Amino acid sequence: MTAAIQFVIDVLSLGGAYALMALGLVIVYGILRLVNFAYGELIMAAGYTLYLVSASPLPWLVMAVLAVGAAVVTGIATDYVAFRPVRAKSVTAVLITSFAFSTLLQNAAQLLISPRPRSIPLPEMFSDTVTLFGVVTPARNLITIAAAAVLLTLFTLAMRRTVLGIAMRAAATHFTMARMLGVPANLVISTAFAISGLLAGTVALLWLGRIGTVVPRVGLEPLLIAFIATVIGGMRSLEGAVLGGFLLAFIDTALNYSLPQDLLKFRDAFTFSLVILILLWRPAGLVRGPATGQRT
Amino acid sequence: MALAVEALEVRYGGIRAVRGVDIEVGDGEVVALLGANGAGKSSTLLAIAGAIRPYAGRVRLDGRDVTGSIPERMVRAGVAMVPETRDVFSDLTVEENLRLGAYVRRRDRAGVEADRAAMFALFPRLAERAEQTAGTLSGGEQQMLVIARAMMSRPRLLLLDEPSLGLAPTIVEQIFAMIARLAATGLSILLVEQNVGKALAVADRAYVMRLGRIAAAGPARELAAAADLKEHYLGG
């Protein structure tokens, strides 16, 4: 029984982080039909901001807000630097500029800070453990679950109840039609990048909280996870991204629990094999997006 | 003069879809734009709405040059577009679709609420289905929704592209009755249609397009009386 509870907590906490990562990627993809390859650097930006303010006497929560803010600003900067100038011209150009911006940010971190890991400040509650239903688990797992629940709820409410949220869902279905109703294209796109940054920044706190350090290439793994989760869930659907995140976490955790010790280092190979099977069964992902829509 | 289009040209790569078209729509006037498939009617409408950039020519609203404006600016200027593809947001509810139609005047809550009530009174079918997603509506209901959604921005000029396309005859009757009622409120309408009889019955004037050019123009009644109109210009 305790093993089952442990398993559920592990899946939910890992899945919460994965779901937020995936949602941050798909919110931009849904509207622009373009993968933001500089997405991982939003997490990096938040991590280095934590490192840079670590010497200050600020309370951790303020540092955390600054870090998330840095991710939001970097997100919006991605739009202005990598997307907006070439968006209307060519898909290939945007792919290349978003790769370039990603590399630029990584190299800047290497050059200006250090290629070696830098430790980030973490509050004590991240290293505490708590006992829940007789299971001893790190408090940060529960924090991750709570943060994911709060953010997913807020996100859902914002997308359903606010005019801008409805406009963003509409723009994801049919961008030109939304514009012909007066929805400003640039506002919708900038908002998508800001939300992407908000989600990535929050994930950064939770994700880097597991490792305790930040390196220039720290964003690569979250980008990969987010990408795989959205591909499983369906690139066209916000719900799909969340579902994909939790499913990927379930697969990872189940393999962690069941694989013998000497096979564990090949876990990713098993994970990807399962992902391939899922995609053979459902090539468009688990959740289909709205039927219409073209790239802008 | 509400709308004046002068020497409008639209090109897709090397293809000249619209080759110098002049159209005028007066205040409160209903003007039909007729023609066979591929005559350039939809391209003309999309260029007026700002969805595609004209290659040459001018679009003026009340004398002001708005050529090549972005779509969101055209809505603010009072031009609402109903494309032939209908383009309801299928995973949004009917209510959300209408709310989005009022995006440019979303701060005027009382006015938006009143207009929505007016649209529901005009299209009772939509009121019944307010909470359903638009994708679950029939073709006729979707057409009613996109017209109602366009009206939510309180346009002075409505661009309607083939509202009767693919709909059953009884539904087509209803749609044209709605267009007549909207026209009676003083709204200017530029109507693209293949249903020549219905369009000429509701319009004041009409233009006939052929191969990207205006081939004939005149009062709707005169064009309707010209027996050879169909075979000459509409490809039978």
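# Reading the helices, sheets and chain contact

User: Which helix has B:Ala177 in it?

Analyst: You'll find B:Ala177 in helix H7 (residues 169–184) of chain B. Helices here are DSSP runs of H or I with at least four residues, strands are E runs of at least two, and both are numbered from the N terminus. Bear in mind that this is a predicted model, where local features need pLDDT of at least 70, side-chain atom pairs count only at pLDDT 80 or more, and totals for chains, interfaces and linings use all residues. Residues are numbered from 1 along each chain as its sequence is written, while chains are lettered from A and ligands numbered from 1 in the order in which they are written.

User: Why is B:Ala177 called exposed?

Analyst: It's a neighbour count: a residue is buried with 20 or more other C-beta atoms within 10 Å of its own, exposed with 12 or fewer, and partly exposed in between, with C-beta atoms placed from the backbone. B:Ala177 has 11 others within 10 Å, so it is exposed.

User: And what makes S7(B) largely enclosed?

Analyst: In strand S7 (residues 157–161) of chain B, five of the five residues are buried, so the rest of the structure largely encloses the strand. In a regular strand, side chains alternate between the two faces of the sheet. Here B:Leu157, B:Leu159 and B:Asp161 are buried on one side of S7(B), and B:Leu158 and B:Leu160 are buried on the other.

User: How do you know which strands S7(B) pairs with?

Analyst: Two strands pair if DSSP finds at least two bridges between them. Strand S6 (residues 79–82) of chain B and S7(B) have four bridges and pair in the parallel sense; one example puts B:Val82 with B:Leu160. S7(B) and strand S8 (residues 188–193) of chain B also run parallel, joined by five bridges, and B:Leu160 has B:Leu191 as its bridge partner in S8(B). Both counts meet the cut-off, so both are pairs.

User: What makes S6 and S10 of chain B edge strands?

Analyst: The open sheet has six strands in the order S6-S7-S8-S3-S9-S10 (chain B), with mixed pairing. S6 and strand S10 (213–219) of chain B each have a single partner strand, so one side of each has no neighbour in the sheet. Between one strand and the next the twist averages 15°. Further along that order, strand S3 (residues 30–35) and strand S9 (residues 205–210) of chain B pair in the parallel sense over five bridges. H7(B) lies across S3, S7 and S8 of chain B, at about 155° to S8(B).

User: What about the other sheet, with four strands?

Analyst: That open sheet runs S2-S1-S4-S5 (chain B) with antiparallel pairing. Strand S2 (15–25) and strand S5 (64–65) of chain B are its edges, each with a single partner, so each has one side without a neighbour in the sheet. B:Arg60 stands opposite B:Asp65 in S5(B).

User: Why are H6(A) and H3(B) called roughly perpendicular?

Analyst: Angles run from 0 to 180 degrees between N-to-C directions, with axes fitted to C-alpha atoms, for helices over the stretch in contact. Under 35 degrees counts as roughly parallel, over 145 as roughly antiparallel, 65 to 115 as roughly perpendicular, and the rest as oblique. Helix H6 (residues 163–173) of chain A and helix H3 (residues 94–101) of chain B pack at about 105°, their axes 10 Å apart, and are therefore roughly perpendicular. The residues in contact (C-beta atoms, placed from the backbone, within 7 Å) are A:Val163, A:Ile166, A:Ala167 and A:Ala170 of H6(A) with B:Glu96, B:Arg99 and B:Leu100 of H3(B). They divide into five nonpolar, no polar and two charged; Ala, Val, Leu, Ile, Met, Phe, Trp, Tyr, Cys and Pro count as nonpolar, Asp, Glu, Lys and Arg as charged, and the others, Gly among them, as polar.

User: How many residues does each chain give to the contact?

Analyst: Chain B gives 22 and chain A gives 19. On chain B's side, helix H2 (71–76) and H3 each supply at least two, and the classes are eleven nonpolar, three polar and eight charged.

Terms used:
Contact = placed C-beta atoms within 7 Å.
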